[in-house]
Amino acid sequence: MTLKIDIDDGAGVAPYEQVRATISEQARAGTLPVGYRLPTVRGLAESLGLAANTVAKAYRALEADGVIETRGRNGTFVAAAGDAASRGAAAAAQSYAERVQRLGLSEAAALDAARDALRAAYDSTG
């Protein structure tokens with residue numbers, strides 16, 4: 001999972017809007033998962049050949065839309081969308097994914113473990 005943005009100078013769409021739309025689409029599609037750390041404004045601007053103000057404008061719009069969140073010096077991340085329960089579930093899923101990856105589990109093994117835990121939890125509540 002990596003951020004992929006192509007700026008089309010002939011598109012007739014402002015570069016900041018191209019950045020905003022691409023990040024928004026990738027976040028909503030799950031290509032950029034909740035908790036994904038975005039590049040710094042300067043880093044992304046340099047890699048795209050844009051002015052830092054252009055990327056900063058896109059990030060401000062994305063933050064206003066709730067697509068990303070800035071955590072001060074810790075960076076800018078893809079935010080959880082939806083209501084509080086959905087945000088909590090997305091954060092828990094992100095933590096789980098990071099933990100099982102550190103433990104060296106395959107994606108299939110991690111999914112099996114999650115399914116087993118969900119079945120056990122939902123079966124015990126009736």
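Mentor: Two strands pair if DSSP finds at least two bridges between them. The model is predicted, with local features requiring pLDDT of at least 70 and side-chain atom pairs pLDDT 80 or more, while totals for chains, interfaces and linings use all residues. Residues are numbered from 1 along each chain as its sequence is written, and side-chain values use heavy atoms, without hydrogens and water.

Trainee: In what order do the three strands of the open sheet lie?

Mentor: Strands here are DSSP runs of E, at least two residues long, numbered from the N terminus. E1 (37-38) and E2 (68-70) stand at the edges, each with a single partner strand, so one side of each has no neighbour in the sheet. The pairing is antiparallel, and the order is E1-E3-E2.

Trainee: Which residue of E3 is the bridge partner of Arg37?

Mentor: E3 spans residues 76-78 and pairs with E1 in the antiparallel sense over two bridges. Within E3, the bridge partner of Arg37 is Phe77.

Trainee: How far is Lys57 from the ring centre of Tyr16?

Mentor: The criterion for a charge over a ring also covers NZ of Lys. Lys57 lies over the face of Tyr16, and its distance from the ring centre is 4.1 Å.

Note on methods:
A charge sits over a ring if NZ of Lys or CZ of Arg is within 6 Å of the ring centre and within 35 degrees of the ring normal. Helices (H or I, at least four residues) and strands (E, at least two) are DSSP runs, numbered from the N terminus.
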